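Q: I would like to understand the words used to describe a protein model. Please set each word against its definition.

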Amino acid sequence: MRSALAPRRLKSLYTQVSRQGAKFARLALGVRARAPREVQLEITNRCNLDCDMCPRLVLLKVPEVDMQRETLEAVLDRFEEAPAHSITLTGWGEPLMHHDFFGFVDRIHERFPETEIGFTTNAHLLTKRMVKQILERPIGRINVSLEELPWDEAPAHLPPARADDEDHQINHMKGDINHVARDGHPTPPKVVDHLRYLLNERNAQAARGEPAPEIRLQVVLFPNSAETTARLVDFGAELGFQAVNLVRLDVRGRPDLTRPSYEEERELIALARERSEAGGIPLGSVNDHGHILRMASHDDEFCMRLDSYVYIDVEGNVAPCCLLRGHRLGNLVEESLDSVWNSPEFKRFYGPGPHPACDGCDAFMHRYTDQSDITERKLASSIGEPS
């Protein structure tokens, strides 16, 4: 089994290093890939949760519908001449709610066997039956979004009540007095049970020398969350996740949300790195660029994502980013990939310098932008005041 596994690992490592080298070169030279290498496919916007931090219904106003099979086929047709390196089946909903999720996975792999398939989940639907179907398929990457662990002193079915907050009624799926769980993805005890089973099965499969997905714990950083962040990193190491990924909270247009100061964010990342080293689990953050990446991105002059990425919605519309879903630059049901990707409008998003539509976004940057004036302008605009 080891001899069979070693070549796969070597091939995977070689592919990863070569692709990272190509991305570094593109960033350093300020050029885009000749075709999108990273594709995010919005297969559904229906979700079983309603997290306070999620902008899908309030700001983005996404339709709660699924992608149809004929739309998938039309989109895949456009990638025949230039297959993507990765396709992530995640939009503004829970992908496992799509009625044909596994059919989509099978079809993508059938047409593009070398393309890595991944998705992001809140883990609430990871039943044993679901886990079995996931591990039977060539899924290469799973991101699990968590911001809190179960409330230690609360009953499993209901956290302590909070009577002084009229804006947040008692809701055991929102964490109630636990602000981190209330704003982010809630984690009732059943989710921990789901994840423990998933990781046990996945790691046993890998130990037998069989292909197994890389499963990462994805954590959004909130203010005053040092203890929570440390617990989550320890949790990731304990359960056997392959890595922990830290994510910056986007508060543009959301005066009801607060993110850590830049100094606190640096402290949280440093704390998480210390715990990850102690627990032996890799930790990453797209907002903690080393000197080489900062040099390659010309110190935040180029977005780390836009050189090789597209977002495709349920109707086949193409956007430069998941956060700019409504900024449509073409439709792959009706147009070729080349005509969309190489259009002047799309190229403008890569810089140099940020596109006006990206005003204030630092989701993939090392530093913070000053978002206070942007939030105030968007809020004034939403209530009809001049900006």
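Q: What makes the charged end of arginine 32 count as sitting over the ring of tryptophan 341?
A: The rule asks that NZ of Lys or CZ of Arg be within 6 Å of the ring centre and within 35 degrees of the ring normal. The charged end of arginine 32 is 3.7 Å from the centre of the tryptophan 341 ring and sits over that ring. Arginine 259 likewise lies over the face of tyrosine 368, at 3.6 Å from the ring centre.

Q: What kind of model is this, and how are its residues numbered?
A: This is a predicted model, in which local features need pLDDT of at least 70, side-chain atom pairs count only at pLDDT 80 or more, and totals for chains, interfaces and linings use all residues. Residues are numbered from 1 along each chain as its sequence is written, and side-chain values use heavy atoms, with hydrogens and water left out.

Q: Why is the pair of phenylalanine 101 and phenylalanine 102 called edge-to-face?
A: Rings of Phe, Tyr and Trp (its six-membered ring) pair if their centres lie within 6.5 Å; planes under 30 degrees apart are stacked, over 60 edge-to-face, and the rest tilted. The structure holds five aromatic pairs. In one of them, phenylalanine 101 and phenylalanine 102 are 5.1 Å apart centre to centre with 80° between the planes, which is edge-to-face. Ring pairs also link Phe101, Phe102 and Phe119 into a cluster.

Q: Are phenylalanine 101 and phenylalanine 102 buried or exposed?
A: A residue is buried under 20% relative accessible area, exposed over 50%, and partly exposed in between (1.4 Å probe, protein chains only). Phenylalanine 101 has 2% relative accessibility, so it is buried. Phenylalanine 102 has 11%, so it is buried too.

Q: What is the pair of phenylalanine 235 and phenylalanine 241 called?
A: Phenylalanine 235 and phenylalanine 241 form a tilted pair, with 6.4 Å centre to centre and 45° between the planes. Both of these residues are buried.

Q: How many disulfides does the structure hold?
A: The structure holds zero disulfides. A disulfide is a pair of cysteine sulfur atoms within 2.5 Å. The sulfur of cysteine 47 is 6.5 Å from the closest cysteine sulfur, that of cysteine 51, so the two are too far apart for a bond. Cysteine 47 has a relative accessible area of 24% and is therefore partly exposed, whereas cysteine 51, at 9%, counts as buried.

Q: How do you know that the span of helix α8 is close to the expected one?
A: Helices (H or I, at least four residues) and strands (E, at least two) are DSSP runs, numbered from the N terminus. The expected span of a helix is 1.5 Å times one less than its number of residues. Helix α8 (residues 262-279) has 18 residues and reaches 26 Å from its first C-alpha to its last, close to the 26 Å expected. Glycine 280 follows α8 and has a positive phi, near 70°.

Q: What do the buried residues of α8 pack against?
A: The buried residues of α8 include Leu268, Ile269 and Ala272. They pack against α7 (226-239), β6 (243-247) and β7 (283-285). Contact here means heavy atoms within 4.5 Å.

Q: Why is arginine 111 called buried?
A: Arginine 111 has a relative accessible area of 17%, so it falls in the buried class. This arginine 111 is found in helix α3 (residues 101-111). Not counting residues up to four places away in sequence, arginine 111 touches Glu73, Leu76, Asp77 and Glu80. In α2, Glu73 and Leu76 are among the buried residues. The buried residues of α2 pack against β1, β2 (86-88), α3 and β8 (309-312).

Q: Why is lysine 61 called exposed?
A: Lysine 61 has a relative accessible area of 61%, so it is exposed. Lysine 61 is found in the loop between β1 (38-41) and α2 (69-78), and its phi is near 50°, a positive value in a residue other than glycine.

Q: What makes asparagine 224 count as exposed?
A: Asparagine 224 counts as exposed because its relative accessibility is 71%. Asparagine 224 is found in the loop between β5 (214-220) and α7. Its phi is positive, about 55°, although asparagine 224 is not a glycine.
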